[in-house]
Amino acid sequence: MKKHIILTRVLCILLSLVLVTALLWAAGRVLEPKYVTVSPEGSLTAEYYADAAEVSHDVVFIGDCEVYEAFIPAVLWTDFGISSCVRGSAQQLVWQSYAMLEDTLRYETPKVVVFNVLSLKYGTPQNEAFNRMTLDGMEWSSVKADAVRASMTEGETFLTYLLPALRFHSRLAELSDEDFRYAFAAKPTVSDGGYLMQTGVVPADPAVDNEALKPLLTDPSLPASAMEWLDRMTALCEERGITLILVKSPTNTWKYWWYDEWDAQVADYAAAHSLAYFNLIPDADKIGLDMSTDTYDGGIHLNVSGAEKLTRYFGHILTTTCDLPDRRTDDAYAPVWDRRANVYEQRKTERKSS
Amino acid sequence: MSFAAIREAVTHFSSLTFLLFAAVVVLVCRLLPKRARWVWLLAASLAFYAAGDWWYLPFLAASVLSTWGLALLIGKQAARDEAALTAARSTLSKDERKALKASQKKKRARLLWVGLVFNFGLLCVLKYTDFVLEGVSGIASLWGAGPIRPLDLILPLGISYYTFRSTAYLIDVFRGKTEAQPNPARYALFISFFPAVVQGPICRYNETAAQLLEPRDADWTDFSAGLLRLLWGYFKKLVVADTAMTAVRAIVSDPERLNGAYAAVLIVVYSAVIYGDFTGGMDISLGLSRMMGITLTENFNRPFSSVSTEEYWNRWHITMGSYFTDYVFYPMSISKPMQRLTVWGRARLGNGIGMRLPVYLATIITWFLTGLWHGASWNFIVWGLLNGAVILISRECKPLYARFHKRFPGAKENRFYQAFCRVRTFLLMGAIRSLDCYRDVGVTFRAFGSIFTRPGTYAELFNGQALEALGLPVASWIMLLAAVVVLWLVGRAGDRKKPAGWQVAEPLSDKPLRWALVCGALLLVILLAGQYGIGFDASDFIYNRF
């Protein structure tokens, strides 16, 4: 067969493949959930990159909903002059938190990393929707590839993370204006440095949220695989000269119980590795939390009022236990952070009045 | 993904694992020398089959070894008989030769019957035991007996198909139409060839075996047309059938509420499901085989363009229809009991009825068996019997049609009349086919009756919300409709002289750029509009169940 015929055929196939891939990528941009008005927590991972490009952070909070609904970088700035950010997502599992740390280190090296320990109770992948919310927004690197491989639940494939259209084609019949508006244009920022503001108030229900109703643990120890990832996090921080602080947010509810056995195990781990561990559940009164006003979902998560109280309380801990600079007079930080603090206050005012 | 999950996924044509498996098989097949290809294909087919369940293999082996061994014995016996007959030709009278021939045939027939009883016995035991037990249990309960628990016997993948393929081979060897294959491994490839083992086509040995045993070098046309047909099959399955199946499931899950107009919708929508599913599966099988230089027998020929039920059954599941015609209907029609019945009928009931009686009986038995082959349930039996009844009524109405056409001589060529006949056949077949969907015969008949007795539901159907209640948003209905229009347009396009499955694919092979763009567009549509992955319940191919 003549060479040019073979070449023509090969070129046609390649052209078609390139076209299909390009169109799939474009379709993926439209089909991917935008996480603006619905499930905004899905935007948190992606928002970090613009934040980090503007200013570096001395403290990075890493974890699940118990960090992005609890620690407010704008408050740490105004009250303590700390430049910080939150890298948390819904049900962010411990290996995903490790990936967030590794990913962060590609851009900056913070002085302190605060890791919320609730996710240590999970040793295996849990939920596809939360995986997507945590990982889709992460920029591509070997870190993301490893995190995807570690997180996939049954039925998930790596290919769908490379070409999200292959996953989200199920949304084809339910696309909204938002999907087209933000397909190729920048989305509005939904968080304040990774903190996702909630202003509603839904008091905790003592009838349900009662420690006496806590189910008994069948296995009192935290999963070994989760502890291995914590080991890796500890080692990485040590290697990069970062102070790792372990923390348990001051919520302890029917939805996410925290057990004494787990607490003891984390405390032992922290002691063995010379890490600071703060279980803030017993400190709720000292923090000033009132679960009839400081929660937006019946005690599961803090609202902005509760988060401000917690942030101020924890800010004192940070400034007393770590050698953190007050950046309020630093020209490289102050203009950016003052603007962000204003945006935060404005958002709070708007949300409360709406 | 665990090894077990990968193993299981291999047998599902819609899985990525199957596609990767198929790609490796095609590539290696092309790279191997011709004489080694059949070994590779056999290994791949057995691996594919065992991937479903290791326990399927002994049943496949039993079928292969029994029919191979018996066919070989029949073949050898036939050769010996022929030699004996030749040797005795000069010494025997014509009557003696006839008697000798008959006795020789009887000997071979015994071997044939052993094979048929064993293979159909195995099929019946595995497939119908629980159905029979259920019936027995129902009858026994009338006398207060407790329920009989089903045995839940293993049902090997594609057993209905390979039993037909192997018994057809055995009968063909008996009839002298095919020579017995001396090599059991080569014969095993014919029975287990992976693109056809799960849902057909039910190929005949003399049409397919030579191609399997020495596949030709697949050229550009084979590769390009095969790939396009494969993609077309996935389009039919994932975009049309599985989308429409959502609505079918919604309707049949609540027949008390979703009846009347919804039952009418089911008839139309389920036609799209079964067409997309079954012809799509065939396109995948035939496309994949063609990429390896193997052309399998066509199983469909534009069935929905049929103007009569008889024509429909010549165009739908052709290989199953020809099996029942060649190995059940004809032998039964000309069998001695039927001849005796004809004589008896003509003497007692007159010429007209007497001549019809055996044909009617053979038709009804054939359709009863066709229904039973489709599944162990009364729904399928009634489905088969209704098809038989419609065909017989159509035959009885032939003089009426003839009179009509004599009165209106141009009607046959009239496009509107043809369209009317097509729609009538489509709806009639669709109505009978709805027995596939509902849980039992009574529910099906009630749902069908409600089409005429619940006119109020028709207004309800088109208010938008009702369509969404069937599990598909309006946008999905529009996409489904567009996909069906594409199916229809493609069915009318291309080179009509070629078999229906290749009429578009083959001519496009000559235009590489157009071919590549069509493949790309098809791939894109499948990936974006197909029902696969998380968020969908991509169902298995319906005909895998049979």
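**Entry: ground rules.** I took residue numbers from 1 along each chain as its sequence is written, with chains lettered from A and ligands numbered from 1 in the order in which they are written. Because this is a predicted model, local features need pLDDT of at least 70 and side-chain atom pairs count only at pLDDT 80 or more, while totals for chains, interfaces and linings use all residues.

**Entry: the sheet in chain A.** I looked up the strand order first. Chain A holds an open sheet of 5 strands, ordered β2-β1-β3-β4-β5, with parallel pairing. Strands pair if DSSP finds at least two bridges between them. Helices (H or I, at least four residues) and strands (E, at least two) are DSSP runs, numbered from the N terminus. The edges are β2 (84-88) and β5 (276-279) of chain A, each pairing on one side only. On average, neighbouring strands are turned by 20° against each other, direction ignored.

I then checked single pairings. β1(A) and β2(A) pair in the parallel sense over 5 bridges. The partner of F61(A) in β2(A) is V86(A). β3 (112-116) and β4 (243-248) of chain A also pair in the parallel sense, over 5 bridges. There, V112(A) has T243(A) as its bridge partner in β4(A).

Helix α5 (94-105) of chain A lies across β1 (59-63), β2 and β3 of chain A, at about 155° to β1(A). Axes are lines fitted to C-alpha atoms, for helices over the stretch in contact, and angles run from 0 to 180 degrees between N-to-C directions.

**Entry: domains of chain B.** Chain B divides into domain 1 (3-215) and domain 2 (220-296 + 440-546). These bounds come from an automatic or database domain assignment. The C-alpha centres of the two domains lie 31 Å apart. I found 17 residues of domain 1 in contact with 21 of domain 2; contact means C-beta atoms, placed from the backbone, within 7 Å. On the domain 1 side, α2 (16-31), α8 (194-197) and α9 (205-213) of chain B each give two or more residues. That side has 11 nonpolar, 6 polar and no charged residues. Ala, Val, Leu, Ile, Met, Phe, Trp, Tyr, Cys and Pro count as nonpolar, Asp, Glu, Lys and Arg as charged, and the others, Gly among them, as polar.

**Entry: cores.** A nonpolar core is a set of buried Ala, Val, Leu, Ile, Met, Phe, Trp, Tyr and Cys residues joined through C-beta atoms within 7 Å. The largest has 138 residues, and L231(B) is among those with the most contacts inside it. Helix α11 (261-291) of chain B gives the most, 19 residues. Both domains of chain B contribute, so this core lies between them. L231(B) touches C519(B), L522(B), L523(B) and I526(B), not counting residues up to four places away in sequence. Apart from this core lies another of 67 residues, including Y68(A) and L101(A).

**Entry: where the chains meet.** I found 20 residues of chain B in contact with 24 of chain A. On the chain B side, α22 (474-492) and α24 (512-529) give two or more residues. The largest share, 11 residues, comes from α24(B). By class, this side has 16 nonpolar, 4 polar and no charged residues.

Definitions and conventions:
Contact = placed C-beta atoms within 7 Å. Buried ≥ 20, exposed ≤ 12 C-beta atoms within 10 Å, placed from the backbone.
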